Amino acid sequence: MEKEFLTNTHYSVTLNVTDGKIDSFREQEETTGTVRVYENGCIGVAGCLGSPDEKALTEKATEALSLGIPYPCMPDGALEQEIIHDEEIIPVAKLIPTMQDFLDRLNEACPRFAFSNKISLNYKRKEYHNSLGRHLTSSGRNVDIQLLAQNRGSGNLFDTGFSYNGNHFDADALLSEFKKEYDAFYAPADFTPGRYPVVMEASSLFGTFLQQFVAEMYVSGASLLSGRLGQKAFSDRLTLRNDMNPETNAGAYFFDDEGCVTSDFRPTLIDKGTLTGLLTTKKSADTFKLPNLGTAASTYDGVPCLGFNRFYVEPTAPTLMALVPGKAVYVVMASGGDTTPDGHFASPVQMSYLMENGKLIGRLPDLNISGNFYDLLGKDYIGATCDDPLPGSMLCAVTMDLTK
């Protein structure tokens, strides 16, 4: 019998913002423990909330083997590795005054906006070890600012949003960037329907397509990618990864919940246009005879399932200006889009700006974007840039059809 033991700790302080003021906060700390045992092609799982008793959980997990849950895969062999990012971003005792000062400055710079939603400070730690000698530890901190902005008097719940997620807080840099978006919001712009470079967060573009990379969909033939593993299918400029690297994804763990580690902590889905990986657990990889990408997640008391961290797209340009010189459309909010079974993608855009040479010019009216899956990631794919306009940002540019 082999065993693996996993502990997770998440500590957070979340501030609630209403009309530019912090009106409440919530402090939360959660620790979970999980033991999984493997024997005769089956898995037994036991978990707990709070500090775990490994011996007691092991006994419960061993008893659970009698349920006969099939899971033929075994833990990986010996490896000792840890990545610790425990540098303090903002002292907890100073979080409220620091963020209220930031909000006061933001209110002054953007007086026609009413800000609401959440700001959180997070610390996360995960530790994994198994009976074959593997011991992995990962921890990190991040500050997450997610502000919704209502144009006062508009009657809408919100009209746009400002966001930032990273392991460093630079109030001046954030205020400067948010002010640029605020100024552009009140400068009306327009466009003629046609084909334009569209700039958007990697998660907004690729999030709709993520299910196409799921192993079960791939082998069933329900994925647009079915049968293309190992083949060139997209633009040479496109390299797409799951970002588990704490250096570029603040607060991420460098290993998955089955103790799998990749060489650069970014399991690769697409490498220079070639489909090289699919989203798998050890079980799905074994069942379907596929490479295991190392993208497993789990609840504290459940068998491993699929997980995903964040899209990392290999940068092709150092700045937005270099990525899309000339005019382009910068998408801030787009929800309600989908992809048809034959690969046609379309989405309404609720908030966007006209951009020229990397700078915001003015706010565009509601519009629609569309394109074909293979074209968007193939001949219409322009490239990507990171850390512009803010550290940690990951923006992609794709030529799309725009309509009103």
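User: Why is Asp-190 called partly exposed?

Analyst: First, a word on the source: this is a predicted model, where local features need pLDDT of at least 70, side-chain atom pairs count only at pLDDT 80 or more, and totals for chains, interfaces and linings use all residues. Residues are numbered from 1 along each chain as its sequence is written, and side-chain values use heavy atoms, leaving out hydrogens and water. Now, buried means under 20% relative accessible area, exposed over 50%, and partly exposed in between (1.4 Å probe, protein chains only). Asp-190 has a relative accessible area of 49%, so partly exposed it is.

User: And what makes Lys-404 exposed?

Analyst: Its relative accessible area is 53%, so Lys-404 lands in the exposed class.

User: What makes Glu-314 and Arg-241 a salt bridge?

Analyst: Their N to O distance, 2.6 Å. Glu-314 is in a loop and Arg-241 in strand 10, so the pair ties together parts 73 residues apart in sequence.

User: Is Arg-241 buried or exposed, and why?

Analyst: Arg-241 has a relative accessible area of 13%, so this residue is buried. Glu-314, at 30%, counts as partly exposed.

User: How many salt bridges are there?

Analyst: The structure holds 19. Among them, Lys-126 pairs with Asp-257 at 2.3 Å between the closest N and O atoms, and both residues are buried.

Conventions: A salt bridge is a side-chain nitrogen of Lys or Arg within 4 Å of a carboxyl oxygen of Asp or Glu. Helices (H or I, at least four residues) and strands (E, at least two) are DSSP runs, numbered from the N terminus.
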